[in-house]
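Subject: Handing over the two-chain model

Dear colleague,

I am passing this structure on to you, and I would be glad if you would look through it before reading my notes.

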Amino acid sequence: MIRLTTPISEDQIRQLKVGDEVLLNGRVVLSRDMGHKYMKEQKPEWLKPLLENMVIYHCGPVVKKHEDGHYSFVAAGPTTSIREEPYQAEVIETYKVRGVIGKGGMGKKTSEGLQKTGAVYLHATGGAGSLLAERCKRVVDVKMLEEFGSPEAFWIIEVEDFPLVVTMDSHGGSLHEIVLQQSQERAKALMG
Amino acid sequence: MSECVIPTLTTLDVVQSKSVLPPGYKADLANLKALDLTLPMTELLRRTTSRLPQDVIDALVKGRDAEEEGSRAFNTLNDMVRNIILADGHVTPLCQDTGSIIVWVRHPYGLSQRTAKQQIRAAVVEATKRSWLRPNCVESLSGKNTGTNMDPFHEHHPAIHFEEWDKPEVEISVMQKGGGCENVGAQYRLPDAAIGAGRDIKGVRKCVIDAVVKAQGQGCAPGILGVAIGGDRVTGYEKSKELIMRKLGTPNPDPKMDAFEKEITQDLNTLGIGPMGYGGNTTVLGVMVEEMYRHPASFYVSISYMCWSSRRGTLTFKTNGEVSFD
């Protein structure tokens, strides 16, 4: 088990390999479909200090607003990452992002982006909304809440021992690619 | 980390004590016009969002125990069991994607569908306010979230289906269908040259295998499949969703289809996709198939993929006025 705390250096990231289990600590920025489209098309400057050497989490949480105005997460597992495939590599490069958390893995374009910039794809267990919300310790801030709505907003949070597996590394390795190829071969045999 | 987590849920007494229904709640089915579905429906949503059906838990545990102890597949299924225990204990959503809300109402003559719809909508609004549901209804082009889970045209979300039946009871079923698994559903038109599928059961089998390989882990495997053979583009998909309401482990009433379900389930679990697509022996928890009628020119195979967190539930207003949840 490898413990990592954000911000993370390129050197630290380059040491990670597919299959490594990671416990992540520190700040993480949530972003999904609307956020990625916005980052690619508008490249907002204000996000740069929030994302440099940091980690993006593909997640649309269920959020509770308390009476005193502060927020907490009640369910916060990963959403399917492949929808961000058209945007991810460029976002990683523009903002020098070191890690992307999601589920289901991503494609070739993202893999090339990970290699070029020095970043990894970190897989979290999909559907484990309650389990993972417990590791989201604090909501620090939220941006674009009005514009995007709660599931799509940039939530900035602090996580503690957030359990992840490296499934795509910065050297071109991808567990998803391996499982895909093996299952396609098996399917061929089954379909005769 | 790799010990077998035992899925012990809270007792029914505890579930009852957290109910939004007042103690001793009874409905008067003799007066259907005065029946208010709002509170019972809110309670149904509280349960479906936080408490997974026992047959699904049993299937996940069975899958885990068939994986090598300490493997990533084993640990992932173990984490799913941990999550099930937490969500039930805290009454929090099992998954942050609380899904699209699909409702089926079966009722005797005399119930106003218009009123029932308003009450079910009110229950969904309330469950959203209580953070049991995430606001999942956005305007398509602008992406603007209505914040309440209501679409302003009162048509499509929540999706409510009504059926009048001969029984005196009123029954409401709900499914919370996540977006990730909805995205990996597929509809095939046979013959399909790309996968070599003809208009027979062998062709149907190829469609199912192809859809599961394409889905990989993206629908949150291990999934549960509803497969409708025939119908049209709408009724086929509709049926494929309804099929997911069936309990895992219950036989298909059609013996031929039952045999097909068992065989295809075994085959799919040799694909090696595994929980979340990490690799492993548990790719699907079950497959439910039904043959429909079709137009002679059309042969559709419609496949709905439900994630492992198969949130479904049914409430029944019994003739003695009691409400039961299943």
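In what order do the five strands of the open sheet in chain B follow one another? The order is E2-E1-E3-E8-E9, and the pairing within this sheet is mixed. Please keep in mind, here and throughout, that this is a predicted model.

To stay with that sheet for a moment, strand E2 (159–164) and strand E9 (323–325) of chain B stand at its edges, and because each has a single partner strand, one side of each is left without a neighbour in the sheet. On average, neighbouring strands here are turned by 15° against each other, direction ignored. Strand E1 (residues 100–107) of chain B pairs with E2(B) in the parallel sense, over six bridges, and within this pairing Arg106(B) has Glu163(B) in E2(B) as its bridge partner.

Chain B also holds an open sheet of four strands, in the order E4-E7-E5-E6, again with mixed pairing. Its edges are strand E4 (186–189) and strand E6 (284–291) of chain B, each of which has a single partner strand, so that one side of each is left without a neighbour in the sheet.

Leaving aside neighbours within four places in sequence, the contacts of Ala221(B) include Gly274(B), Pro275(B), Met276(B), Thr283(B) and Trp308(B).

Turning to the nonpolar core, the largest one has 141 residues, and of these Val208(B) and Val227(B) touch the most other members. The element that gives the most to this core is strand E9 (residues 154–168) of chain A, with nine residues. If residues up to four places away in sequence are not counted, Val208(B) touches Leu225(B), Val227(B), Ile264(B), Val287(B) and Ile303(B).

As for chain A, its secondary structure comes to eight helices and nine strands. A compact globule of 192 residues would have a radius of gyration near 16 Å, and chain A, with 16 Å, agrees with this. The C-alpha trace of chain A spans about 60 × 35 × 30 Å along its principal axes, and 53% of its 192 residues count as buried. Among contacts in chain A between residues at least 6 apart in sequence, 64% join residues at least 24 apart.

The contact between the chains takes 45 residues from chain B and 39 residues from chain A. On the side of chain B that touches chain A, the elements giving two or more residues are helix H4 (72–90), helix H6 (179–183) and helix H7 (201–215) of chain B, and the largest share, nine residues, comes from H4(B). The residues of this side divide into 17 nonpolar, 20 polar and eight charged.

Ser130(A) lies in helix H6 (residues 129–133) of chain A and, with 29 C-beta neighbours inside 10 Å, counts as buried. Apart from neighbours within four places in sequence, Ser130(A) is in contact with Ala75(A) and with several residues of chain B, among them Asn83(B), Leu86(B), Ala87(B) and His90(B). Ile82(A), in turn, is found in the loop between strand E5 (71–75) and helix H4 (85–95) of chain A, and it counts as buried with 20 C-beta neighbours inside 10 Å. Not counting residues up to four places away in sequence, Ile82(A) touches Gly104(A), Met106(A), Gly107(A) and Gln218(B).

With kind regards

Definitions and conventions: Residues numbered from 1 in each chain as written. Chains lettered and ligands numbered in written order. Predicted model: local features only at pLDDT ≥ 70, side-chain atom pairs only at ≥ 80, totals over all residues. Core = buried A, V, L, I, M, F, W, Y, C linked by C-beta atoms within 7 Å. Buried ≥ 20, exposed ≤ 12 C-beta atoms within 10 Å, placed from the backbone. Contact = placed C-beta atoms within 7 Å. Nonpolar A, V, L, I, M, F, W, Y, C, P; charged D, E, K, R; others polar. Rg over C-alpha atoms; globule rule 2.2 N^0.38 Å. Pairing = 2+ DSSP bridges. Axes fitted to C-alpha atoms, helices over the stretch in contact; angles between N-to-C directions.
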